[in-house]
Amino acid sequence: DFPVQPRVLECTYFEKGEAVFRWPDGREERIPEGSVRLTRYEEPFGVSSPSPLCRHVTVGFEAAYTAEKLTREDILAREPRGYRAPSRGLEVLCPPGGLLAGETGAVEKLLRRLVADHVVEGPAGELSCLGRLLELLGAYTAATERTAFFQSRDISPAAALYVQRAVRYIAAHLSEKISLRDIARELRIG
């Protein structure tokens, strides 16, 4: 069981096996294999796994933060900030239950890199980890926004992956003349 720790956050990738979070009031939340979850320690909770093997990658950190519940509509209606200093701190968006498998690619890779960077001691290691942590929280927020966008348009997760791959291909070939046939060939759909 985990006690209340108001300034502690953990980002966990559930690599193998599912986890079940339980709170004293009887609430339960199942986290499927392949998911990423940002956990706040605002109330005591326990975690168990019905799987014979549960393997995860976790990074814990302390931060001053406030949390508020947002709906998908709230996320979609937000004004983009552009490149300027935030007036009330950084905003990290995270869906209830975390990111599901298929939405976790960049976050999982950054989480693993952060764990690997943690062994570097001294100021350089600390700054490297802090930079990687901010990158991780940015990727988590981007994945949350993408998920909200695709869910609002009833786009299946498989279709969303095709859209993401197409956008990456276009971005990588901006200086070239690209045809629809080129994109279809890249996506192996035609």
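**Entry 1: ground rules.** I number residues from 1 along each chain as its sequence is written, and side-chain values use heavy atoms, with hydrogens and water left out. Since the model is predicted, local features need pLDDT of at least 70 and side-chain atom pairs count only at pLDDT 80 or more, while totals for chains, interfaces and linings use all residues.

**Entry 2: the sheet with β1.** I started with the strands, which are DSSP runs of E with at least two residues, just as helices are runs of H or I with at least four residues, numbered from the N terminus. Which order do the strands take in the open sheet that holds β1? I read β4-β1-β6, 3 strands with antiparallel pairing; to count as paired, two strands need at least two DSSP bridges between them. The edges are β4 (36–40) and β6 (55–62), each pairing on one side only. From one strand to the next, the twist averages 20° (axes are lines fitted to C-alpha atoms, for helices over the stretch in contact, and angles run from 0 to 180 degrees between N-to-C directions).

I then followed β1 (residues 8–16) along both neighbours. With β6 it has 8 antiparallel bridges, and with β4 it has 5, also antiparallel. L9 makes a handy landmark: it stands opposite F61 in β6 and opposite R40 in β4. Further along, Y13 stands opposite V57 in β6.

**Entry 3: the sheet with β2.** Another open sheet of 3 strands runs β3-β2-β5, with antiparallel pairing. Its edge strands are β3 (28–31) and β5 (46–48), and neighbouring strands are turned by 20° against each other on average, direction ignored. I found 3 bridges between β2 (residues 19–22) and β5; in β5, S48 is the bridge partner of V20.

**Entry 4: the cores.** Next I looked up nonpolar cores, meaning sets of buried Ala, Val, Leu, Ile, Met, Phe, Trp, Tyr and Cys residues joined through side-chain atoms within 4.5 Å. Buried is under 20% relative accessible area, exposed is over 50%, and partly exposed is in between, using a 1.4 Å probe and protein chains only.

The largest core has 20 residues, and C11, V36, F61, V107, L111, L136 and Y140 have the most contacts inside it. Two or more residues come from each of β1, β4, β6, α2 (105–117) and α3 (122–152). Which element gives the most? It is α3, with 7 residues.

I checked F61 for contacts (heavy atoms within 4.5 Å). Not counting residues up to four places away in sequence, F61 touches R7, V8, L9, L38, L133 and L137. A second, separate core of 8 residues includes V8, F14, A19 and F45.

**Entry 5: helix α5 and D182.** I finished at α5 (residues 180–187), where D182 is found. Is D182 buried or exposed? It counts as buried because its relative accessible area is 19%.

A polar atom of the D182 side chain lies 2.9 Å from the backbone nitrogen of S179, and a polar contact of 2.6 Å joins the side chains of D182 and R185. Leaving aside neighbours within four places in sequence, D182 is in contact with Y169 and K177. Just after α5, R188 takes a positive phi of about 55°.

Key. Polar contact = N/O pair within 3.5 Å; in protein donor to acceptor, adjacent residues only side chain to side chain.
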